[in-house]
Amino acid sequence: MSVITSASGTEWEIVSGLEVHCELATATKIFCSCANQFGEEPNTNVCPVCLGLPGSLPVLNEKAVEYALRVGEAFHFTVPAQSVFHRKNYFYPDMPKNFQTTQYDEPICEHGWLEVDGVRLGITRAHLEEDTGKSMHMGGAGGRIHGASHSLIDYNRAGVPLLEIVSEPDIRSSEQAAAYVDELRSTLKAIGVSDVKMEEGSLRVDANVSVRRIGDTGFGTRCEIKNLNSLKSLRDAMDHEAARQIEILEDGGEIRQETRLWNENEGHTASMRSKEEAYDYRYFPEPDLVPVQPTDELRAHVRATMPELPAARRTRLMAELSISEQDARTLLSTDGLADFAEAAVVLGAPPRDAALWTTQDVSAHLNVLGGGATVEGLDPGLLVETLQLVSDGLVSRNQGKEVFAAALAGEGRPAQIVADRGLAQVSDSGALGAVVDEVFAANSAAVQEWRDGDDKVRKKKRGFLMGEAMKALKGQGNPQLLNQLIDERLAD
Amino acid sequence: MNSSAFDIAADVRAGRVSARDVVEQHLATIADREADVHAFNLVMADVARRQADAVDGDVAAGHDPGPLAGVPLALKDNLCTRGVDTTCSSRILQGWKPPYDATVVTRLRDAGAVAIGKTNLDEFAMGSSTENSAFGATRNPRDLSRVPGGSSGGSAAAVAAGFAPLALGSDTGGSIRQPAALCGVVGMKPTYGTVSRYGLIAFASSLDQIGPFATNVRDAALLLETMWGHDPLDSTSIASPLPTLVQGLDDGVRGLRVGIVEELTDVEGIDPEVRAAVSSAARALEDAGASVDRVSVPSTMYGLDAYYLIAPAEASSNLARYDGVRYGLREEGTDIGTMNANTRDRGFGAEVKRRIMLGTYALSAGYYDAYYGQAQRVRTLIVRDFAAAYERFDVLLSPTSPTIAFEAGSKTADPLAMYLSDVCTIPTNLAGHCAISVPFGSDSVHNMPIGVQILGRELADALIFRVARALEVNRGA
Amino acid sequence: MTSSPARLTRSDVEHVAKLARLALSDAEITEFTEQLAVILEHAALVSALDTSDIPPTSHPLPLVNVLRADVVKPSVGRDELLTSAPDAESGRFRVPRILGEAP
């Protein structure tokens, strides 16, 4: 539970449910064979069907159904025997038919849940529908709708399949909301149904927010917040909206049920329309489509091809690689990172080292390369070989990091890099002993101080001798052997 | 000139006549009478000539152009034709050239048919007289002071006037059968889903069906057979095997059980001469070996009311896309909402607006259950009552239209009176069944044709053609 | 049984015209109020039927699962589509200003 303490000292909590619109990563649109492709020239992925031309008719994409069922599996949904498309009627120029084909009282998925930090959050439903086109507002300030003189419409996005995932009002803080969306995103991505890019709009979140005093069990009047383009804007908008509502309620006011838009730049929400102006959508069954009754065969296929889900994988990685939850999350936060670590383990790397070197050094490598760099193509064998050189004592751990970075950068196999850079660690006791003897001879005063000194002095002098020896070896001495030889000489 | 489509195709395929000559003859007939009848929104003379030449080229090259080789075909102007104006007889679509062909248009062209023009209709197929056209009313070729019926009045008139031996119409509540009856031709509504609706501009999607017009039963069967069949572009198209509609046409009606639907025949508003024609049709079938009895299909009496809630509801949504943004008419406005509303007010005629209003109301919050929801339940009752009747009867019989063709202008001021023209045809659409209107006699006062309707259950299309053929053969008796 | 709704009023017609985006004249609103009321009264026959155990039929066909393979097919060219547009600019459909966000 997350408590918000107002200026007056009253304790409040947020009550929230989220509506997440997820664009499905099918090859074609939901009701026609146009490419489902982001970023194309305007109005090039359109046809009579998705442009709503007179006489055209929709035919449902089987992949959209399969993807919806994958989502059903991932979030423990019940899949009803039948789902039905309806028409949601309202006029808006980005919608070619002036109705949206969507599912209404018979959605494809019902009653699911996901777990966030040990808390199970209910998901009411998930239903299939078509996306709208996009408007560009011209002649106003900053491309905003307000003050524009006219608008230009691109229907490439019209008809892209959407899955709308509606949660129960189980969310109690903005952090929990962000964690819910994060879990949803990573799972949708893992099961291959969406590329979940909030910045490209392939995942869009609307938040229903109300507040209540701690201890109350009823629900307050809620506002729906739209235009949330990142997890940060979700958190900020919810916190801001909660504060706004608390202030009104503490002043004795009432919350008006309305839709509010989050203004990212100005950091506040503003009213879009109130419930009194709400549309009368006149839903009725879409007569141009027939019901969907997922077959046992299709459901079995979906089950058989489900990958391991992020939550389960996280738990497994923590156990198998002996790492913390944070490290497991890091491994899973970048595509392919966990696969890289696991592949290294399969090839013989020690599990924990493989995981930690991957989270630190592979991540660092990607950061150096900058945006767009992916794990794809990196050879886990490089990590296995590097860790082998370290455990064989041929290079130190720090040298190993240098070698691994160079190997990832394409300079060659680790062993070759060690040779090229002359990094091989000196582990020959004879050679090391000769160096130690030289150091002791050249620094007899320090050796004497060690012999006369207390523990503190001894520690300092011993460190000095070790440093001199390592310097003479250009850092390539095997530290364990060196330590051992120095201790032996000092004990003489 | 009065050759059947069957004979024309046979002659063209055999090289006895050229498709070009056939087209020229029909264009000459059109030139002669079209100014009076106004069957067409557009006569596609040049396109038709080119198409006919292509058919003749095929024949000359030894290729078979198909079962409708060189047969002129009139297309209701709510069927999309690539690059050719398709208006639905509405100002809102005036000048629109679809970028694609309706599936039926493609199929019939591939079968050698020659599209000769786009026929007039009640705007968006909403009407029963073809007077609700933005481009002027069509008149009945049998009596120019009378209506041809509607909404496919242009197609019915084109066939009746000899402008084309075949025409396509669409039937949502009787829009093929009623004008066929009023013009004295054969018109048939196939089972829902047997003919692709892709490219048919929607009026009420769960009721609309494309069907044939012809001067005789065999031509109508041939036309339906040619366009019948599954279309992957129409989700409501059924994958039913191609029936042999033509082949079994003369198998007769011996042993068939025929039921006269009391609620559609014996009720107030049915012209006594029309009722008499149904009785004599029944006798003709009995004489041919069928057994005839009366049958009650009680809920059909609610069909009209259910229809006038369901069809406008679907239409209100189907016609929302005409908003001045992507195609068709635009009437400017200071903002998008005003532009939409101005466009729709100027672009749609009164009947279309009336039905959009009615349908929007029937679906709106607080009224859905009482109107649309209730109408859908009545639809279930009608399906059930028909099912019960078809346990006892193979086909049913009724008038097609309560009256003969009425005087132009006589019902335009009274929408409800106009709606009653469809009372006998609507139940078939609500059930998704098939029905055919076949001319059977004339009225004694005006010598105008009377049509009788043969109704069949779903996929009984071949059977009702066979019964219609029996009536056609025996109507002289 | 569903009770018959109250008689249609002028303000109902005005509201419906707004929902249907029709800029009706006063004369049209008057005419439609009368005509639609008559039609709806006739339809009230249907509203009065007892259909409490009857399921609705929204479609005459019992078809289910009509699906299409997820394979891209070429679209219609943009020029052909924009030629039909009442107004276009930069490859897009141009419309007068929009007064509010989508619902």
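In the predicted model, B:Gln25 is part of helix α2 of chain B, residues 19-37; helices here are DSSP runs of H or I of at least four residues and strands are runs of E of at least two, numbered from the N terminus. B:Gln25 has 16 C-beta neighbours inside 10 Å and is therefore classed as partly exposed (buried means 20 or more other C-beta atoms within 10 Å of the residue's own, exposed 12 or fewer, and partly exposed in between, with C-beta atoms placed from the backbone).

Residues are numbered from 1 along each chain as its sequence is written, and chains are lettered from A and ligands numbered from 1 in the order in which they are written. Because the model is predicted, local features need pLDDT of at least 70 and side-chain atom pairs count only at pLDDT 80 or more, while totals for chains, interfaces and linings use all residues.

Beyond its neighbours within four places in sequence, B:Val114 is in contact with residues including B:Ala19, B:Val23, B:Gln51 and B:Leu73, contact being defined by C-beta atoms, placed from the backbone, within 7 Å.

In chain B, the axes of helices α9 (residues 272-287) and α16 (residues 461-474) come within 10 Å and cross at roughly 100°; axes are lines fitted to C-alpha atoms over the stretch in contact, and angles run from 0 to 180 degrees between N-to-C directions. The two helices are therefore roughly perpendicular (65 to 115 degrees; under 35 is roughly parallel, over 145 roughly antiparallel and the rest oblique). B:Ala281, B:Ala284, B:Leu285 and B:Asp287 of α9(B) meet B:Val467, B:Ala470, B:Leu471 and B:Asn474 of α16(B).

In chain A, α14 (residues 455-472) packs against α15 (residues 479-491) at about 125°, with the axes 11 Å apart, and the pair is therefore oblique. Residues of α14(A) including A:Arg462 and A:Leu465 meet A:Leu482, A:Asn483 and A:Ile486 of α15(A).

The contact between chains C and B takes 48 residues from chain C and 59 from chain B. On the side of chain C, α2(C) gives the most, with 10 residues.

How values were computed
Contact = placed C-beta atoms within 7 Å.
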